[in-house]
Amino acid sequence: MSESSLRAVGWARSLPLDSSVKTARDWARDHLRSLGWTESAPDTADAVLLTISELVTNAHVHAHSPAHLVLTWDSRCLHVSVHDTSSHLPAPRPPDAERTSGRGMLLVDALADTWQARPCPDGKIVHACFRPHASAGG
């Protein structure tokens, strides 16, 4: 394998509508632990878990769709991707004291190093990237 080749490890999980967001967090926490992030980069691990909560909740509540969660670690960035069947792309909205929801993408924007949403033929994918502290392993 050449130096320019990408080496990555990844995990995928489908979360049907009747699954809980806690199921997604627990599953992801196990993988973050396997990367050493829960010990060496706990703040980043918490940011990843909160982002996963928001993205899976959005898929279930707003898209009325199962969530397909993929984590990929490429030694520089943990890529968190959630696919759902809605073509509506999310965007951060200004907070409104009258609304009890609608702050999820503001959180994702604040927590992730980068994020994007893009359409695909059967819905959309929301992707966030997290870079751990220099001491995190993987």
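Reader: In which helix is the place of Pro42?

Author: This is a predicted model, where local features need pLDDT of at least 70, side-chain atom pairs count only at pLDDT 80 or more, and totals for chains, interfaces and linings use all residues. Residues are numbered from 1 along each chain as its sequence is written, and side-chain values use heavy atoms, leaving out hydrogens and water. Helices (DSSP runs of H or I, at least four residues) and strands (DSSP runs of E, at least two) are numbered from the N terminus. Pro42 falls in the run of residues 42-62, which is helix H3.

Reader: Thanks! Is Pro42 buried, exposed or partly exposed?

Author: Buried means under 20% relative accessible area and exposed over 50%, with partly exposed in between (1.4 Å probe, protein chains only). Pro42 has a relative accessibility of 38%, so this residue counts as partly exposed.

Reader: How far does H3 reach from its first C-alpha to its last?

Author: Let's begin with what to expect: 1.5 Å times one less than the number of residues. H3 has 21 residues, for which 30 Å is expected. The model comes close to that, with a reach of 29 Å.

Reader: On to the sheet: in what order do its strands lie?

Author: Two strands pair if DSSP finds at least two bridges between them. Here 5 strands form an open sheet with antiparallel pairing, in the order S1-S2-S3-S5-S4.

Reader: Which strands stand at the edges?

Author: An edge strand here has a single partner strand, so one side is left without a neighbour in the sheet. That describes strand S1 (9-15) and S4.

Reader: What angle does the direction of helix H1 make with that of S1?

Author: H1 (residues 21-35) packs on the sheet, touching S1, S2 and S3 (contact means heavy atoms within 4.5 Å). Axes are lines fitted to C-alpha atoms, for helices over the stretch in contact, and angles run from 0 to 180 degrees between N-to-C directions. For H1 and S1 the angle is about 170 degrees.

Reader: Which residue of S5 is the bridge partner of Arg118?

Author: Strand S4 (residues 114-120) and strand S5 (residues 123-130) pair in the antiparallel sense over 7 bridges. A hairpin of 2 residues joins S4 to S5. Across this pairing, the partner of Arg118 is Ile125.

Reader: And how far apart are the sulfur atoms of Cys77 and Cys129?

Author: A disulfide is a pair of cysteine sulfur atoms within 2.5 Å, and the structure holds 1. Cys77 is buried at 3% relative accessible area, and Cys129 is buried at 3%. Their sulfur atoms form the disulfide at a separation of 1.7 Å.
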